[in-house]
Amino acid sequence: ETKQAEKVWLVSVGGTWGKTRRDGTPLSFTVTPEKVCDTVEAILLWYRENGYRKERLGVTVDRVGIASLEAAILDGSLLARKDAILAAPINERPAE
């Protein structure tokens with residue numbers, strides 16, 4: 001009997017194209033098709049919680065670190081805290 005390979009996605013975050021180009025940062029793990037939507041939602045919640053107003057996702061990933069994003073996705077806490085994250089004010093960049 002032939003065994004079929006499990007279908008998985010490799011997710012990259014923060015890529016941009018245009019005046020400034022940035023390749024997306026790949027997550028260090030793959031995602032099953034059933035978990036893609038939850039993973040994308042978790043990425044957006046992490047961005048909402050960690051990003052500054054008008055800061056691009058890739059810049060947030062570079063500033064905070066991909067390890068922080070991956071840990072938050074894997075521990076499931078972002079989806080559990082969704083309402084609180086969305087109710088919080090948007091982070092303002094600290095004065096320099």
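Me: Before I start, what should I know about the numbering and the values?
Reply: Residues are numbered from 1 along each chain as its sequence is written, and side-chain values use heavy atoms, with hydrogens and water left out. This is a predicted model, where local features need pLDDT of at least 70 and side-chain atom pairs count only at pLDDT 80 or more, while totals for chains, interfaces and linings use all residues.

Me: How many helices and strands does the protein have, and how do the elements run?
Reply: Helices (H or I, at least four residues) and strands (E, at least two) are DSSP runs, numbered from the N terminus. Here you get 5 helices and 2 strands, and the order from the N terminus is β-β-α-α-α-α-α. The C-alpha trace spans about 65 × 35 × 20 Å along its principal axes.

Me: What share of the residues count as buried?
Reply: Buried means under 20% relative accessible area, exposed means over 50%, and partly exposed is in between (1.4 Å probe, protein chains only). Of the 96 residues, 30% count as buried.

Me: Which residues have the most contacts inside the largest nonpolar core?
Reply: In soluble globular proteins, nonpolar side chains tend to be buried together. A nonpolar core is a set of buried Ala, Val, Leu, Ile, Met, Phe, Trp, Tyr and Cys residues joined through side-chain atoms within 4.5 Å. The largest one here has 17 residues, and V13, I43, W46, L69, I73 and L78 have the most contacts inside it. Two or more residues each come from β1 (9-13), β2, α1, α2 (57-64) and α3, with α1 giving the largest share, 5 residues.

Me: What does W46 touch?
Reply: Contact means heavy atoms within 4.5 Å. Leaving out residues up to four places away in sequence, W46 touches G51, L57, T60, V61, V64, G65, S68, L69, A72 and L78.

Me: Where do the buried residues of α2 fall, seen down its axis?
Reply: An α-helix has 3.6 residues a turn, so residues three or four places apart point the same way. In α2, the buried ones are L57, G58, T60 and V61. They fall within an arc of 160 degrees (taken from the directions from the helix axis to the C-beta atoms), so they line one face of the helix. Their cover includes β1, β2, α1 and α3. Just after α2, G65 takes a positive phi of about 115 degrees.

Me: Which residues of α3 are buried, and which are exposed on the other side?
Reply: L69, E70, A72 and I73 are buried in α3. Their arc is 165 degrees, so they too line one face of the helix. On the other side, A67, L74 and D75 are exposed. The buried residues of α3 pack against β1, β2, α1, α2 and α4.

Me: Where does K54 lie, and is K54 buried or exposed?
Reply: K54 is in the loop between α1 and α2. K54 is exposed, with a relative accessible area of 83%. Its phi is near 65 degrees, a positive value in a residue other than glycine.

Me: What kinds of residues line the largest pocket?
Reply: Nonpolar covers Ala, Val, Leu, Ile, Met, Phe, Trp, Tyr, Cys and Pro; charged covers Asp, Glu, Lys and Arg; the others, Gly among them, are polar. The lining divides into 8 nonpolar, 3 polar and 2 charged residues.
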